[in-house]
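Welcome, and please open your viewer with the model loaded.

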Amino acid sequence: MEEKEKIIEIEIERLRDFKKHPFQVKDDEEMRQLKDSISEYGVLNPLIVRPRPEGVYEIISGHRRKYASQKLGYTKLPVIIRVMTDEEAIIAMVDSNLQREKISYSEKAYAYMMKNEALKRKGGRKRSQFGHRLKGKKTVELISEASGDSPKQVQRYIKITELIPELMQQLDDGNIGFNPAVEIAFLKKEEQKQLLEAMEYAQSSPSLSQAQRIKKLSKEGSLSLEKMEDIMSEIKKGEISRVTFTNEQLHRYFPKEYTAEKMKREILAILKTWMDQYWEK
């Protein structure tokens, strides 16, 4: 608490979530533990809010506490009211939520992006709680000092906000690694959509080297869906066990003019159709 600040109680109906809040509020095991704590001891830490012209209060810190308290039937919550500009509110919201134990890639990425833009609007200078201005530093350096990630890593997180939602979800779900995701973020949106098709076609996710090669082809202007399918169909290191067929074995089932690549495409298409029709049953 800052000097002269007071804790007061405000009706939950007057509290509003932060606009474009990048951090998800999940009803998971951690939320269950928070509910148990609030049920036994009450809300020990007041929420930080700022007044809005409409007569309501925007939450800076405490979205999870508000959610848990609502589920428990609370009608009022302890809060500390602070008057902040939009930029100050974004910086405070991001800094308070980055202390969470579990943060997804997308949450951190969008949080860094929001804070970076807010710092730029403030001229790249952040006033500390002691009134000291940090001069001559880039915004990513200021974010780095507050988060523990290097400036380069902060830039990489901001870059992945350029992923299409489907690929961002693949990253959060652990289907794509962070480093390949950074390379993929350099692709055009349409190319990213095609990469999803190629991943579905090959039933595989890109390694770092594959993502780098796809990025290089995109930069050269020679990237196509077919090339991505070929790259994604490659056997990766570590994939020791594999199923192999000779051309002679396969030509029994395909026209003689079919190349090995065309047979492979047909087989994968047939397997996908079979999977879609029977696996769920």
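**Stop 1: helix α4**

Start by selecting the buried residues of α4, which are S106, E107, K108, A109, A111, Y112, M114, K115, N116, A118 and L119. Buried here means under 20% relative accessible area, exposed means over 50%, and partly exposed is what falls in between (1.4 Å probe, protein chains only). Helices (H or I, at least four residues) and strands (E, at least two) are DSSP runs, numbered from the N terminus.

A word on what you are viewing: this is a predicted model, in which local features need pLDDT of at least 70 and side-chain atom pairs count only at pLDDT 80 or more, while totals for chains, interfaces and linings use all residues. Residues are numbered from 1 along each chain as its sequence is written, and side-chain values use heavy atoms, with hydrogens and water left out.

Now show what covers those buried residues: the cover includes α3, α5 (139-147), α6 (151-159) and α7 (165-172). Contact means heavy atoms within 4.5 Å.

Next, look along the whole helix. With 17 residues, α4 reaches 24 Å from its first C-alpha to its last, close to the 24 Å expected at 1.5 Å a residue; the expected span is 1.5 Å times one less than the number of residues. After α4 comes G123, with a positive phi near 85°.

Stay on α4 and pick M113. Is M113 buried, partly exposed or exposed? Its relative accessibility is 23%, so M113 counts as partly exposed. Leaving aside neighbours within four places in sequence, M113 is in contact with I158 and T161. M113 and I158 are 45 residues apart in sequence, yet their C-alpha atoms are 5.3 Å apart in space.

**Stop 2**

Two packed helices are described by the angle between their axes and the distance between the axes.

From α3 come E87, I90, I91, M93, V94 and D95, and they meet A111, M114, K115, A118, L119 and R121 in α4. These residues divide into eight nonpolar, no polar and four charged. In that count, Ala, Val, Leu, Ile, Met, Phe, Trp, Tyr, Cys and Pro are nonpolar, Asp, Glu, Lys and Arg are charged, and the others, Gly among them, are polar.

**Stop 3: the nonpolar cores**

A nonpolar core is a set of buried Ala, Val, Leu, Ile, Met, Phe, Trp, Tyr and Cys residues joined through side-chain atoms within 4.5 Å. Select I160, L163, I184, L195 and I214: of the 49 residues in the largest core, these touch the most other members. The largest share of this core, six residues, comes from helix α4 (residues 105-121). Apart from it lies another core of 14 residues, among them L15, L47, V49 and Y57.

Return to L163 and list its contacts. Beyond neighbours within four places in sequence, L163 touches M168, L171, A181, I184, A185, K189 and Q192.

**Stop 4: two loops**

Select K20 in the loop between β2 (15-16) and α1 (29-41). K20 has a positive phi of about 60° although it is not a glycine. K20 is exposed, with a relative accessible area of 70%.

Then go to Q203, in the loop between α9 (189-202) and α10 (208-220). Q203 is another residue other than glycine with a positive phi, near 50°.

**Stop 5: helix α13**

Finish at E266, which lies in helix α13 (residues 260-278). E266 is partly exposed, with a relative accessible area of 30%. Which residues does E266 contact, leaving aside neighbours within four places in sequence? They are F254 and Y258.
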